[in-house]
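Please keep the sequence and the 3D view open while reading.

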Amino acid sequence: MRDLDPIITAAHDRVRGYYGSAIGRSKYELVTPALVIDRDILRANLAYMQSRLPELHARLRGHVKNHKSPHVARMQLEHGAFGLCAATVWEAVVMVRAGADEVLIANQLVNPVKRRAAALLAREANVTVNVDDVRDAEALSAAAVAAGTTLGILVEVDTGMHRAGVDSPEEALKVGRAVQALPGLRMDGLSGYEGHCSMEMDHEKRHEKQAAAMEYFVSVADHLEANGVPCPILSAAGTATAFWTGSNPRITELQLGSYAAMDDYHFLMEPRFKKATTAVVTVISRRMDRVVLDLGKKTFGSAEVGSIAAHPRIFGHEVLKPYRFDEEHATYEADASCDLKVGDVVDFHLGYTPFAVNYFDAYHVVEDGTVVDIWPIMPRGPLHGGLLQLVESAGA
Amino acid sequence: MNDPAPLVTDAHERVRDLYRSALGRPRDEVTTPALLLDLATLRANLELMADGMRDAPATLRAHVKVHKSPHIARMQVEHGAIGVGCATVWEAIVMARAGISDVFVINEVVGPEKTRALALLAREADVKASVDDAAQVDELSAAAVAAGSTIGVLIDVDEGMHRCGVTTTAEALPLAQKISQSPGLTFLGLTGYEGHCSLEFDEAKRHAMAREAMAQLTGIAADLAAAGLPCQIVSAAGTGTWGTTSRYPGVTEIQPGSYATMDGHHRGLDPRFGWAVTVLASVISRRSDRIVTDAGSKTVGASHGVLKGWDLEKYRFDEEHSIFLADASVPLTTGDKVEILCNYTPFAISYFEAYHVLEDGKVVDIWPVMPRGPESRWLLDMLERGT
């Protein structure tokens with residue numbers, strides 16, 4: 001792992017400058033709502049995953065989209081991950097600058113600026129990209145040739161999630177052959193995240209769906225290999241399926257991410273990882289039949305993932321029923337037996353943390369309830385925020 | 001209106017520089033996903049509201065939590081708004097530095113840093129906040145005294161939305177008395193957003209609900225006046241009820257915000273206002289039965305959206321993808337640009353750092369979204385440094 005790039009240390013300095021007055025103080029003294037990550041729980045999650053790696057056939061590629069933290073990403077690399085996985089090219093830029101030598105953008109890029117950014121980033125690290133379309137592969141090839149780099153390619157296979165990904169072994173072979181023949185591209189194998197299994201809360205049903213998805217995934221690889229397209233990499237899995245998929249002798253790498261920072265949604269499926277990321281919030285209004293908090297859907301995103309409840313709720317008051325979630329307010333039913341009052345600062349379960357992480361500027365890192373550091377969230381938002389100019393200027 | 005301060009002009013320069021390659025380019029050349037603002041539609045919306053308010057007894061206070069844009073807020077003031085409404089103290093700081101002197105945090109401000117920020121801001125602007133509890137009054141008063149400033153205070157009335165707010169004169173009167181006797185505070189009146197009405201799409205029912213809510217709000221105002229505490233301000237309304245509420249006797253100002261940028265939810269309430277803000281996305285995967293775009297719930301927000309110009313059923317929104325059903329008869333292909341009409345635009349806006357501003361289909365400017373995110377304590381540090 002390389003050292004942190006100045007863009008990461010500058011961002012770290014910036015958020016420490018903004019929020020560093022909280023360091024050394026109790027998390028309950030923070031200006032709320034504040035995003036909190038418990039470093040001991042984070043380390044325990046990473047250590048648990050690392051302890052399970054020897055028994056798994058596949059290697060660990062830590063996904064970063066759920067935490068967007070260069071600091072957490074480095075800890076993933078220190079705890080057994082050989083590389084990282086990103087949802088966007090801008091996340092990939094940040095994570096390479098955080099020190100990763102290997103990054104997979106487990107997504108289609110398509111946009112010409114994003115293709116160019118990935119091709120330029122390949123000057124700094126081994127960059128791999130998903131494709132499911134021959135024309136996209138051709139354009140990636142042109143971008144890599146123009147940049148004088150090589151992009152690793154995984155053909156994305158739809159293993160049942162019904163998002164992107166080729167629909168059949170024949171289509172996979174067609175795209176794989178095209179990739180093989182294109183300059184600037186290296187046909188690395190297949191990517192097949194079984195995300196539909198992470199929307200199945202029932203343990204047995206999830207396992208059945210996972211097994212079916214990976215059986216199909218491997219059969220697609222067999223078809224390519226039998227037809228002269230080797231697939232040295234088969235990448236799949238999320239936190240809810242990692243130990244099953246990782247035990248499949250054909251799967252070579254796992255692309256889970258939530259295991260590190262965790263949330264209530266994933267905790268329902270995989271309680272061996274503990275919730276490291278929470279929020280601290282303030283009761284701003286106390287009515288006789290309800291309490292109102294100073295965070296809402298702009299902060300924790302949604303109370304559901306798809307149609308599944310993610311359960312944003314108050315620590316120690318988990319029984320309180322949500323009344324309504326507005327943009328800047330969460331309102332819970334609470335009669336006089338609930339002792340919450342205006343000004344109380346309490347811990348909050350965020351439900352599904354990737355949404356919250358998407359909105360905050362920084363994590364307040366705590367140990368034993370005391371703030372010990374401030375970590376930046378990078379990249380922030382859907383725009384490139386200057387990362388495009390950064391990769392462009394790197395080789396100039 | 002004052003000139004914008006460096007906080008705002010520097011942010012504008014910064015995003016113009018970051019996204020300068022888009023300036024002068026047509027919409028389809030913008031890197032996706034991008035937040036688009038159509039200037040002509042925005043202006044038409046602002047003019048429509050100005051026309052509608054010309055003969056209304058109430059004045060217009062424009063809510064900014066919807067757009068978080070100093071530029072749009074200034075245009076709202078140019079189109080007749082007396083000032084702005086904000087959801088957070090951080091928004092109020094940005095809007096005051098955008099040059100708008102009348103800023104009202106239409107929310108309970110709780111916590112020592114937030115009340116201190118509000119009190120410090122009151123040194124440079126006409127600052128108002130709302131309360132529904134004696135503890136908040138004590139905190140605001142102590143902060144204002146410490147800062148040597150005066151904060152205007154309105155009592156938040158729950159007229160049926162069931163969020164914050166007192167419900168009766170019996171609750172409001174002692175609170176009003178306490179405010180009027182608290183150093184550093186001025187009792188200004190009542191605020192009562194009838195947000196529950198904006199969840200009712202039947203127009204007749206919605207306006208009846210709004211009138212009922214206003215009867216309660218103005219009734220409490222009359223009771224306070226009779227007890228010697230007249231309400232200088234009685235503030236209410238959103239985009240779904242502005243027409244009725246702005247003409248209800250006793251209401252002095254309305255506080256709508258969505259009318260400027262609009263979205264699917266508010267177009268369902270008042271379709272006279274046009275869709276000024278959309279999200280530009282690319283089709284990144286074309287399957288036999290669906291298309292996948294690069295704007296998901298981390299971009300568009302929890303309330304999702306539909307595609308402009310394409311009547312396609314939503315299949316699913318994931319974090320970084322939205323998926324719409326599209327058979328072979330739909331001529332969309334990988335790389336095509338689509339615009340997502342958000343059902344609720346404030347979520348999308350809160351994720352972006354800037355708007356790509358379009359006129360006649362070309363990018364003419366980049367405007368910052370400010371403040372970004374829920375934690376903006378650095379704005380307090382800025383006030384404390386006196387910079």
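## Strands of chain B

V84(B) stands opposite V103(B), a residue of β4(B). Their strands, β3 (residues 83-86) of chain B and β4(B), pair in the parallel sense over three bridges; strands pair if DSSP finds at least two bridges between them. Helices (H or I, at least four residues) and strands (E, at least two) are DSSP runs, numbered from the N terminus. Six of the seven residues of β4(B) are buried, so the strand is mostly covered. A residue is buried if 20 or more other C-beta atoms lie within 10 Å of its own, exposed if 12 or fewer, and partly exposed in between, with C-beta atoms placed from the backbone.

Both strands belong to a closed barrel of eight strands with parallel pairing, in the order β2-β3-β4-β5-β6-β7-β8-β9 (chain B). Strand β8 (residues 233-236) of chain B and strand β9 (residues 253-254) of chain B run parallel and are joined by two bridges. There, A236(B) stands opposite I254(B) in β9(B).

The model is predicted: local features need pLDDT of at least 70 and side-chain atom pairs count only at pLDDT 80 or more, while totals for chains, interfaces and linings use all residues. Residues are numbered from 1 along each chain as its sequence is written, and chains are lettered from A and ligands numbered from 1 in the order in which they are written.

## Helix α2 of chain A

Helix α2 (residues 39-52) of chain A has 14 residues. From first C-alpha to last it reaches 20 Å, close to the expected 20 Å, which is 1.5 Å times one less than the number of residues.

The buried residues of α2(A) are I41(A), L42(A), N45(A), L46(A) and M49(A). Seen down the helix axis, they fall within an arc of 135°, so they line one face of α2(A); the arc is that of the directions from the axis to the C-beta atoms. These buried residues pack against β1 (34-38), β2 (59-63), α3 (70-78) and α10 (258-261) of chain A. Exposed D40(A), A47(A) and S51(A) sit on the face turned away from the buried side.

## Around T282(A)

T282(A) lies in strand β10 (residues 277-287) of chain A. Why does T282(A) count as buried? Because it has 24 C-beta neighbours inside 10 Å. Leaving out residues up to four places away in sequence, T282(A) touches T32(A), L293(A), D294(A), G343(A), V345(A), V110(B) and G111(B); contact requires C-beta atoms, placed from the backbone, within 7 Å.

A hairpin joins β10(A) to β11(A) through two residues, and the two strands run antiparallel, joined by four bridges. V283(A) has L293(A) as its bridge partner in β11(A). From β11 (residues 290-293), R290(A) and V292(A) point one way and V291(A) and L293(A) the other, and all are buried. β11(A) also pairs in the antiparallel sense with strand β16 (residues 330-333) of chain A, over four bridges.

## Contact between the chains

The contact takes 52 residues from chain B and 56 residues from chain A. Elements giving two or more residues to the chain B side include β4 (102-108), α5 (112-121) and α6 (134-147).

Notes: Contact = placed C-beta atoms within 7 Å.
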